[in-house]
There are 2 protein chains.
Amino acid sequence: MAGTDHTKADLAAALPEGPAIVLVQPQLAENVGSVARAMANFGLTDLRVVQGRADVRSETAIAFSAGADYVLAQAQVFDTLEEAVADLTLLFATTARERGQAKPVDAPDAAAGRLVAHGAGGGRAGVLFGRERTGLDNDEVALASRVVTFPVNPAYASLNLAQAVLLVGYEWFKAATGGAPAFAMPPRSPEASQAEAIAFYRHLEGELDEAGFFRSADKRASMVRNLRNMIHRMEPTKQDLQTLHGVVTALVEGRPGPEGRTRNVLKPLKDEGQG
Amino acid sequence: MAGTDHTKADLAAALPEGPAIVLVQPQLAENVGSVARAMANFGLTDLRVVQGRADVRSETAIAFSAGADYVLAQAQVFDTLEEAVADLTLLFATTARERGQAKPVDAPDAAAGRLVAHGAGGGRAGVLFGRERTGLDNDEVALASRVVTFPVNPAYASLNLAQAVLLVGYEWFKAATGGAPAFAMPPRSPEASQAEAIAFYRHLEGELDEAGFFRSADKRASMVRNLRNMIHRMEPTKQDLQTLHGVVTALVEGRPGPEGRTRNVLKPLKDEGQG
């Protein structure tokens, strides 16, 4: 989806420092590239890789990063997991299944709250992601202080590496920024006043009376309430009500009246003999 | 990441019906396949495609679905968007930027709450996703009653099609299931009682007194409090405390005492003459 705005780099620079994303022996450069892209989407920049088969700086990784090659360029590559996480003071392990370790388990949103709080307190956090097929081994999980796992369809729980990073990045970004959408409904013309709304109700209801729309006084009361509620739910602006007045007028004037007016906009105007 | 359990299909079947995922003229079969995979991760099955260049049943799409080809097999393909959404009673449009339309804008989590509530009320909801490069056009957005957009790094907002579907699916699944992690910390042996904890404190502190660990009575009080708080934060079980008693005992007995005991476990045991 389009929408990157490179002039907004200042806004991105105002993000707090996010957690390190630590990939343990990734096998496919495609996945490392996709991870870099997912990190960039959510303002994460600290990629650490415990060397596996994937070449972090390969052309394939760069192609899959889709413009987030700056994340790959500054990625750090380590021989061992211990070196990769040496400076971190809070470490999560991502696992898709229970590992029999007496370690607290968080959903990604709860983990994100901890990551943001830890960063705000001056700590340096990271999240471990295992190999594509086999994940993290038990000793690697044991290095972490907490586990994060993803609520997924148990019948199809296979989440790929970049998707797992994407969800952690997304929740971290939500927690770090309050999760407000990137834009809101555009400002509209001023809201209509009650008096303006009532004036429109009277216009509409008068014309409907005229047209014999209400079958009985009894039904009229409840139908009027329904119509007014529909308009209320629309939260009309002054401009909206002017438009609606125009709509009602146009419909009325286009309607063949008792005098035989035929200015119905749906029919071509013909010069028929009128009484 | 591994973890799919096909015997859990029953659990998946208990999910409420999720929203339709409506792709408008996707161009790449790779993306359609990846969308199917992301849907399967979160129990979504109703894929609708307004025909673009991508062939929904192609081998490429099936390969990228990574086992979620059942989603592709039952996908519906339409000539027009109007046909694709005809039966839906709540429709969201995903857009990455403000479109100047007077339409409420939700973040994915808020949108997910509405989708779940709408489904629970018997309605049928859907989410529109636009073309890879150009998104939805303004008339397509106008068909929807609300907009959903993603909180992303403004400096790198390019979210690919399958990632956007993944985030909607993830938030829907969280909202539909309560978002609890798929597993928790394994059940542990029963929590220790206060009496057991205090017995351990006394054991530890007595040995530390013996070892001259505390420099002064003044420092002792605050150090004891710190040690006790550390043990508290560990939330020890009965079993944990037994282990810790054993650790303290082992450390003490392995320590060379004033009598010259040398049963330090770090050194090989030697038959040295003892007093």
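How many residue pairs are in polar contact between chain A and chain B? The count is 16 residue pairs, both residues being at pLDDT 80 or more; a polar contact is a pair of N or O atoms within 3.5 Å, where within protein one must be able to donate a hydrogen and the other to accept it, and residues adjacent in sequence count only if both atoms are side-chain atoms.

The model is predicted, with local features needing pLDDT of at least 70 and side-chain atom pairs pLDDT 80 or more, while totals for chains, interfaces and linings use all residues. Residues are numbered from 1 along each chain as its sequence is written, chains are lettered from A in the order in which they are written, and side-chain values use heavy atoms, without hydrogens and water.

In the interface, 68 residues of chain A are in contact (heavy atoms within 4.5 Å) with 68 residues of chain B. The rule finds 4 salt bridges across the interface, a salt bridge being a side-chain nitrogen of Lys or Arg within 4 Å of a carboxyl oxygen of Asp or Glu. Asp109(B) and Lys174(A) meet in a salt bridge at 3.3 Å, N to O. On the side of chain A that touches chain B, α8(A) gives the most, with 8 residues; helices are DSSP runs of H or I of at least four residues, and strands are runs of E of at least two, numbered from the N terminus.

Chain A holds an open sheet of 7 strands in the order β3-β2-β1-β6-β4-β7-β5, with parallel pairing; two strands pair if DSSP finds at least two bridges between them. Because β3 and β5 of chain A stand at the edges, each with a single partner strand, one side of each is left without a neighbour in the sheet. Strand β2(A) pairs with β3(A) over 3 bridges, and Val50(A) has Phe78(A) as its bridge partner in β3(A).
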